[in-house]
Structures are given as structure tokens and as C-alpha cells.
Amino acid sequence: MLKISDVAAEKAKEILKAEGKEGWGLRVFIHGSSCCGPSYGMDIDETASENDETIEKNGLKVFVDKDASESLSGKEIDYIKTDQGEGFVINGGEQPSGSACGSGCSSCG
């Protein structure tokens, strides 16, 4: 099952409040795929869809579509701040930056 860090849950709730969408949730979905696996997208959504898995953390609802649910199992949504910026990330199970999948694909490293 997908996990959500406390920091990510609090930041998402801040964003929802600022958008006037308190009580809404964060939607996570497969946005595309490369030779290294799926990439994910996130959006704000009012309700879960029929085939969604809903996860709750600290009052935040996260809707995960069934296509993404299996590939996100064991991973965690976090919110980080670095010198390059800040934002939500999905940690766990991905190849480390700079590793190669062997096909020479530009999106793998």
C-alpha cells in the first residue's frame, strides 16, 4: 500500500485550504512510462472514483487509481525542499539517480 509522510499530508492540506478545497483529496495516477517503469502524476480531486483505493493520513485523503495502486505499493509520497526547489516526490523502489536500465534511455538517469 502507498504511504504518505506526515510532512506531505500537512503540505497537501495547506494547498487544499489555500485553493478553497478543504475536504478534497490528492489524486495519484500513472502519467506515463519509460523503459525504467511508470512515472506518476498528482492532482486535486473532490471525490474518489469507483475503482480508486482511498488512503487517509492526518485528515488527508489520497485517491489512487487501480492502475497505479500495484506499482505504488511500498512507496511513500513525501514533500521535500532542496536548493533546486520544493515539491512532492514518490520515494521507494525506484532506481537510484544515475543508474542505467541498460537500454540507453535518456529518462533513466
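Which residue in S6 is the bridge partner of Ile-4? In this predicted model, the partner is Ile-77. Residues are numbered from 1 along each chain as its sequence is written, and side-chain values use heavy atoms, with hydrogens and water left out. Because the model is predicted, local features need pLDDT of at least 70 and side-chain atom pairs count only at pLDDT 80 or more, whereas totals for chains, interfaces and linings use all residues. Helices (H or I, at least four residues) and strands (E, at least two) are DSSP runs, numbered from the N terminus.

The pairing of Ile-4 with Ile-77 belongs to a contact between S1 and strand S6 (residues 76–82), which run parallel and are joined by two bridges. Two strands are taken to pair if DSSP finds at least two bridges between them. Strands of a sheet pair through backbone hydrogen bonds, either parallel or antiparallel. Here, three strands form an open sheet of mixed pairing, in the order S1-S6-S7. Its edge strands, each pairing on one side only, are strand S1 (3–4) and strand S7 (85–91). Helix H1 packs on this sheet and touches S1, S6 and S7, where contact means heavy atoms within 4.5 Å. The direction of H1 makes about 80 degrees with that of S6; axes are lines fitted to C-alpha atoms, for helices over the stretch in contact, and angles run from 0 to 180 degrees between N-to-C directions.

The structure holds one aromatic pair. The ring centres of Tyr-79 and Phe-88 lie 4.9 Å apart and the planes stand at 75 degrees, so the arrangement is edge-to-face. Under the criteria applied, rings of Phe, Tyr and Trp (its six-membered ring) pair if their centres lie within 6.5 Å, and planes under 30 degrees apart count as stacked, over 60 as edge-to-face and the rest as tilted. Tyr-79 counts as buried, at 12% relative accessibility, while Phe-88 is partly exposed, with a relative accessible area of 26%. Buried means under 20% relative accessible area, exposed over 50%, and partly exposed in between (1.4 Å probe, protein chains only).

In the segment after S7 lies Gly-92, which counts as partly exposed at 34% relative accessibility. The C-alpha atoms of Gly-92 and Glu-76 are separated by 6.5 Å, although the two residues are 16 residues apart along the chain.

A search of the whole structure finds five salt bridges, each defined as a side-chain nitrogen of Lys or Arg within 4 Å of a carboxyl oxygen of Asp or Glu. One of them joins the side chains of Lys-13 and Glu-10 (3.2 Å, N to O). These residues are three apart in helix H1 (residues 6–18), and are therefore separated by about one helical turn. Lys-13 is partly exposed, with a relative accessible area of 27%, and Glu-10 is partly exposed at 36%.

Another salt bridge connects Arg-27 with Asp-45, the closest N and O atoms being 2.6 Å apart. Arg-27 lies in strand S2 (residues 25–34) and Asp-45 in strand S3 (residues 37–45), so the pair ties together parts that are 18 residues apart in sequence. Arg-27 counts as buried, at 11% relative accessibility, whereas Asp-45 is partly exposed, at 24%. The side chain of Arg-27 also meets that of Asp-52 in a salt bridge (2.6 Å, N to O). This second pair links distant parts of the chain, 25 residues apart: Asp-52 is in the loop between S3 and strand S4 (53–57), and Arg-27 is in strand S2. Both Asp-52 and Arg-27 are buried. Through shared partners, salt bridges join Arg-27, Asp-45 and Asp-52 into one network.
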